Amino acid sequence: MQAKSDLLAAKRQDTATKTKDKPRTGQRRSTTRMSAADRRAQILGKAFEFFSEYGLTAQTRALADACGVSQRLLYSAFPNKAALINAVYESNIAGPFKAIWFVQLRDRSVPLEQRLRQFYGEYYDTILTRGWLRLFLYASLAEVEMAPTYIADIIRNLLDIIIEEAAFEAGIALPDSPELRREMGWALHGNISHLAIRRHIYNDNTTLPVKRVIAMHVVAFLAGVPSMANSIE
């Protein structure tokens with residue numbers, strides 16, 4: 001975290017030095033005229049990149065510089081930093097999740113192993129990107145409500161579906177406790193999420209194809225569901 005802060009400070013200092021050394025022309029840098037919606041979308045995209053690289057604690061001046069706008073223009077699109085962070089969550093954290101995935105996971109005309117392999121292949125490619133993971137982890141360290149909100153709004157529902165479908169296919173009863181059922185689901189979801197963290201954050205350079213690793217985790221999970229259910233008293 002400190003290294004990133006130092007890097008950001010160095011970049012701002014370098015920019016300030018270059019600006020100071022340039023001869024003044026008496027004119028301010030012009031800002032490309034855009035519609036309010038386009039400007040907001042531009043700021044959101046740049047903010048996602050910025051927060052993913054430097055975290056959520058940087059000052060809005062640095063953020064405005066990264067977005068290529070003035071602080072005044074930034075605040076004309078978003079009333080405060082909290083509103084911008086919330087918009088980034090809606091657009092870039094929760095936004096990419098496809099509601100159709102819930103429907104597909106419940107489609108019992110397709111074998112469950114196939115459903116899970118397809119879902120997690122798409123989830124890995126669409127959601128678990130480098131930028132998404134970095135922002136999610138930065139938000140968690142900053143104690144911003146992104147992670148708890150995402151888990152409450154999306155992941156709990158996902159885990160419920162996965163374990164219900166796994167129990168149905170295995171012909172077993174699940175424990176009454178929703179918390180215990182979700183912990184069983186985390187046995188798969190946690191492994192896939194950590195696979196992405198290892199690849200994108202830890203820079204694990206293994207050459208195994210992601211889809212092959214996902215298939216392995218899906219098979220292991222389905223085989224272990226009856227044992228997990230029987231182990232719960």
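In the predicted model, helix 8 makes the greatest contribution to the lining of the second largest pocket, supplying five residues. The volume of this second largest pocket comes to about 220 Å³. Its lining is made up of 15 residues, of which Trp-132, Phe-136, Trp-186, Ser-193 and Ile-197 are the closest to the centre of the pocket. Two or more lining residues come from each of helix 8 (130-141), helix 9 (146-170) and helix 10 (178-200).

Aromatic side chains were examined next. The number of aromatic pairs in the model is 14, one of them being the pair of Trp-101 and Tyr-123, whose rings adopt an edge-to-face arrangement with a centre-to-centre distance of 6.2 Å and an angle of 65° between the planes. Because Trp-101 belongs to helix 6 (residues 100-105) and Tyr-123 to helix 7 (residues 112-126), this pair ties together parts of the chain that are 22 residues apart in sequence. Both Trp-101 and Tyr-123 are buried, and both also belong to a cluster, linked by ring pairs, in which they are joined by Phe-97, Phe-102, Phe-119 and Tyr-120.

A contact between a charge and a ring was also identified in the model, in which Arg-108 places its charged end over the ring of Phe-168, at 3.6 Å from the centre of that ring.

Note on methods:
Residues numbered from 1 in each chain as written. Predicted model: local features only at pLDDT ≥ 70, side-chain atom pairs only at ≥ 80, totals over all residues. Heavy atoms only, no water. 1 Å grid on protein atoms, 1.4 Å probe; cavity = no way out; pocket = protein on both sides within 12 Å on 5 of 7 lines; lining within 4 Å. Points joined across faces, edges and corners; volume = space filled by probe spheres on them. Helix = DSSP H or I, 4+ residues; strand = E, 2+ residues; numbered from the N terminus. Phe/Tyr/Trp six-rings, centres within 6.5 Å; stacked < 30°, edge-to-face > 60°. Buried < 20%, exposed > 50% of the residue type's maximum accessible area, 1.4 Å probe, protein only. Lys NZ or Arg CZ within 6 Å of the ring centre and 35° of its normal.
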